[in-house]
Amino acid sequence: MPFNLPNILTVGRIVLIFLALVLATTAGVPGGLRIPDDSEMILRYIACGLSILAGLTDLADGYLARKWNQVTDFGALMDPLADKIFVTTTMLVLVEFQLIAAWVAAVVISREFMVTGLRLLATRNGKVISADKFGKLKTCLQMIMLFIGGLIWVDLLDLNMEVIGSIKLRCFWNILLWGIVIVTVGSGANYFIKNRHLIAENKQEG
């Protein structure tokens with residue numbers, strides 16, 4: 001691994017994610033370690049803080065790599081993988097605590113792996129599939145979901161609280177989840193439609 005700051009931040013993000021996951025699965029998850037009740041929220045706050053820090057490194061590593069001209073093959077490979085690890089582990093925690101349905105996480109995670117496979121296929125053909133507007137919208141909505149979900153998890157937000165007029169946060173949360181599912185499926189389908197020639201070329205070569 002080239003030891004530059006952007007790559008170190010990328011690797012650090014993966015480490016932070018798994019540290020947060022360990023703390024989260026200790027903080028009240030059925031089957032987790034037995035801890036005093038008054039320690040559970042402390043662990044949740046620490047895990048949430050580590051997740052936020054991991055998210056901030058996602059913004060920093062790509063920016064610094066471009067600014068300092070330190071873009072490497074390692075970073076190009078690991079940065080999107082670190083993002084997917086972040087989304088996957090965080091969503092699994094939200095599923096574990098029944099903040100989102102398992103099928104929502106399954107849709108999002110399946111889409112991530114399918115698009116990753118498409119990108120690997122494109123790489124074999126000497127092409128690069130960059131994130132488009134729909135992909136960036138999907139990522140933005142996911143980050144909003146994970147941020148709100150984290151605040152609910154540490155009891156800083158209540159799903160029964162009113163957010164806009166008489167509309168409760170629970171209603172907004174459900175709309176957000178459905179929006180994420182629709183955008184996730186749509187953006188994934190868009191990638192495959194725009195790059196269907198890659199699959200056709202691969203079949204011909206096979």
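**Notebook: cores and helices**

I looked up the largest nonpolar core first: it has 35 residues, and those with the most contacts inside it are Met91, Ile100, Met145, Ile152, Trp153, Trp173 and Leu176. A nonpolar core here is a set of buried Ala, Val, Leu, Ile, Met, Phe, Trp, Tyr and Cys residues joined through side-chain atoms within 4.5 Å. Buried means under 20% relative accessible area, exposed over 50%, partly exposed in between (1.4 Å probe, protein chains only).

The model is predicted: local features need pLDDT of at least 70, side-chain atom pairs count only at pLDDT 80 or more, and totals for chains, interfaces and linings use all residues. Residues are numbered from 1 along each chain as its sequence is written, and side-chain values use heavy atoms, leaving out hydrogens and water.

Which elements give two or more residues to this core? I found α1 (5-26), α2 (37-67), α3 (73-96), α4 (102-124), α5 (133-153) and α6 (169-194). Helices are DSSP runs (H or I, at least four residues), numbered from the N terminus. α6 gives the most, with 7 residues.

I noted a second, separate core of 7 residues, including Leu118 and Tyr191.

Next I checked α4. Its 23 residues reach 33 Å from first C-alpha to last, close to the 33 Å expected at 1.5 Å a residue. The expected span is 1.5 Å times one less than the number of residues. Among the buried residues of α4 are Val104, Val108, Arg111, Glu112 and Leu118. Just after α4, Gly126 takes a positive phi of about 75 degrees.

Last, I looked up Trp178, in helix α6. Is Trp178 buried or exposed? Trp178 is exposed, with a relative accessible area of 52%.
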